[in-house]
Amino acid sequence: IRFWSNIPFITVPLSRAHGKSFAHRSELKHAKRIVVKLGSAVVTRGDECGLALGRLASIVEQVSMLQNQGREMMIVTSGAVAFGKQRLRHEILLSQSVRQALHSGQSQLKDMAIPVLEARACAAAGQSGLMALYEAMFTQYSICAAQILVTNLDFHDEQKRRNLNGTLHELLRMNIVPIINTNDAVVPPPEPNSDLQGVNVISVKDNDSLAARLAVEMKTDLLIVLSDVEGLFDSPPGSDDAKLIDIFYPGDQQSVTFGTKSRVGMGGMEAKVKAALWALQGGTSVVIANGTHPKISGHVITDIVEGKKVGTFFSEVKPAGPTVEQQAEMARAGGRTLAALQPEQRAEIIYRLADLLTDQREEILLANKKDLEEAENKGRLALPLLKRLSLSTSKLNSLAIGLRQIAASSQDSVGRVIRRTRIAKDLDLEQVTVPIGVLLVIFESRPDCLPQVSALAIASGNGLLLKGGKEAVHSNQILHCLTQEALSIHGIRDAVQLVNTREEVEDLCRLDKLIDLIIPRGSSQLVRNIQKAAKGIPVMGHSEGICHVYVDTDASVEKVTRIIRDSKCEYPAACNALETLLIHRDLLRTPLFDQIIDMLRVEQVKIHAGPKFASYLTFSPSEVKSLRTEYGDLECCIEVVDNVQEAVEHIHKYGSSHTDVIITENEKTAEFFLQHVDSACVFWNASTRFSDGYRFGLGAEVGISTSRIHARGPVGIEGLLTTKWLLRGDSHVVSDFSEHGNMKYLHESLPLPQRNTN
């Protein structure tokens, strides 16, 4: 905790030797000294007369938050001319209205003309008001601000430079935010700018170079340049093919076409890029971003400092491989080629991958051993996750068997006709299956997930982006290489991409123009985070696996303990493991109930009592904190219900629509349960652990979905397909079917083509 003026604030460990800019966005969180440059378009209103107060307040809040973290914040701001213009126009209108009222009467007030306002006069009138506004806003956060007006001459005179440098360092030492602006009241006027309707904004172009000069002079870690565009585009923003450049490297200027400047200001993007490159050369990292967008301006500065993918990041370190955007485009192109192959060719790729898993077994296990050793040495993985990370010969053999099942079942997955209708004579409609597009699969600790998901994507003709956990980096790399080797037999190795860049999951979830579906494979926390972060991209999966087993009064003694033991103890960390055991009230204090409790104790399962169950006991186990709990370990909740109807209601209230089971010999009760429980998987006298793509005969699964749209339960090939409509006609037009037309709709169902069942 640091103190200044008796006000405590939290500090974060921020220190690094200046002289070299940050190489990656993720390093920006270490920035200690930061300059925020606010362009005219950010500070001023849309009518260029007055300030955007709400936007400024949000910026001040973000700067204050970072300042109170122990960072040293500086602001280079425009806006004095706009603020002064507002004040002078008000004064002129007031003056003219009084004169005209005295001499001409009220009827001529509407004809009053506002004279052209000289920009230096506007700046002189607006500087004090602009600073007063900043002071008032920063005061709300117990932060002091100080104004510094400079001109270019202050940087050319050595003594003035030293004075400026000393003043800024002293202000930063005292936890004061310096607010720097060009002294537009005294600098020479630029050429008139017609876009500003008679008002010249002086030295706005210089504010870009001023911010860059100041950043280098003060050895700052980060310069944030806020404008009215998202960042730097490879062609003028608004053009059809314009793409935002995520990272810009020195020497890339030749690949960029600069458009016109913003609605206010003299600089434009070309001036910003030149200033940014100059600062980068001086050791300061630079990000150019949009400070005017209402959806992001409230957190744009803090997002940049946190390393999120916002705007254009200038870096001197060019990565060896493609960017994730390029990988997504390669996956889409490869996926389209994959979908165009014959079914036998796609199956051939999967068979080849299955063979490679067994042929290259030693290399795979060696890489996996390296991952396991690193995870154990760092002690960062719990035992269940270490188990998921581990590969073995038997696991690889099972994987190969599953892949061959996928290959065998994929013969008619893509392009299968599922509906045929004769709309009219010689006008036939077909609905056929097609790939979804580009899938992003994010998985933790499970390298065996990579070949499974790759095979399903290949079988369904989808492009695939894979983002694995860093704990399995060596295993994932070799498995991805083998996948690409299998794809290369038909020249489409780019269809499956492994994201190896330092890309944050949240940033991947924002690529809505490149990714069509996100499938998370991992903890419930991972799934929830991805569902929250996904912007405009559907997420297939489940955030929780709260699975129930209901033991009915007519349950078989022999079946009960077998099913409960398998459901809870076979793999307690799995999403399809039993979490809540529902017992019919009449079974309490019976030999069957005692057998269930004894078995759970032998298996060392910790029991939590539900409210009703606890009320029947004199000395009960620890009462459950929530009936909606996924333990993921040798723990479970036991609750009592009066009948099957109450069991169904309990499952609907506290379950996660994943997998629920009834154990009973009463067929009528079982059918009631099967029909009324609204979950993805509902079983009768079978373990919850059967809820799995491999066990369902799907070969493998990309995950288990609890959503109600598109795919539900274990998702295999069918869940990775959508449909399109094909209409074949012969000069048909809708007007022929009107009241006075000569054609009639038939809407006849036609037989489907014979499916390949081999």
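Residues are numbered from 1 along each chain as its sequence is written, and side-chain values use heavy atoms, with hydrogens and water left out. Because the model is predicted, local features need pLDDT of at least 70 and side-chain atom pairs count only at pLDDT 80 or more, whereas totals for chains, interfaces and linings use all residues.

Secondary-structure elements are DSSP runs numbered from the N terminus, with at least four residues for helices (H or I) and at least two for strands (E). An open sheet of 8 strands shows mixed pairing in the order S5-S6-S4-S3-S7-S9-S10-S8; two strands pair if DSSP finds at least two bridges between them. Strand S5 (144-150) and strand S8 (247-248) stand at the edges, and each has a single partner strand, so one side of each lacks a neighbour in the sheet.

Within this order, strand S3 (residues 33-38) runs parallel to strand S4 (residues 72-77), to which 6 bridges join it. Val35 has Met74 of S4 as its bridge partner. S3 is also joined by 5 bridges to strand S7 (residues 222-227), again in the parallel sense, and Ile34 is partnered there by Leu222. In a regular strand, side chains alternate between the two faces of the sheet. In S3, Arg33, Val35 and Lys37 point one way, Ile34, Val36 and Leu38 point the other way, and all are buried (relative accessible area under 20%; exposed is over 50% and partly exposed in between, with a 1.4 Å probe and protein chains only). Since 6 of the 6 residues of S3 are buried, the strand is largely enclosed by the rest of the structure.

Strand S9 (residues 285-290) and strand S10 (residues 312-314) are antiparallel and share 3 bridges, with Thr312 of S10 as the bridge partner of Ile288. Glu316 occupies the loop between S10 and H10 and is partly exposed, at a relative accessible area of 43%. Although 295 residues separate Glu316 from Ser21 in sequence, their C-alpha atoms are 7.6 Å apart. Helix H10 (residues 324-340) contains 17 residues and spans 24 Å from first to last C-alpha, close to the expected 24 Å (1.5 Å times one less than the number of residues). Its buried residues include Val324, Glu325, Gly334 and Leu338.

The second largest pocket holds about 1,300 Å³ of space. A pocket is an open set of points on a 1 Å grid over the protein atoms alone, where a 1.4 Å probe fits, with protein on both sides within 12 Å along at least five of seven lines; lining residues have an atom within 4 Å of a point. The volume is the space filled by probe spheres set on the points. The lining comprises 45 residues, with Arg388, Arg446, Arg521, Tyr571 and Ala574 nearest the centre. Helix H14 (393-409) is one of the elements giving two or more residues, and H14 supplies the largest share, 5 residues. Domain 2 (324-533) and domain 3 (548-701) each contribute at least three residues, the bounds coming from an automatic or database domain assignment.

Two loop residues have a positive phi. Gln604, which is not a glycine, has a phi of about 60° and lies between helix H20 (591-602) and strand S19 (606-609); at 64% relative accessibility, Gln604 is exposed. His747 has a phi near 50°, lies between strand S25 (721-728) and strand S26 (748-749), and is exposed at 52%.
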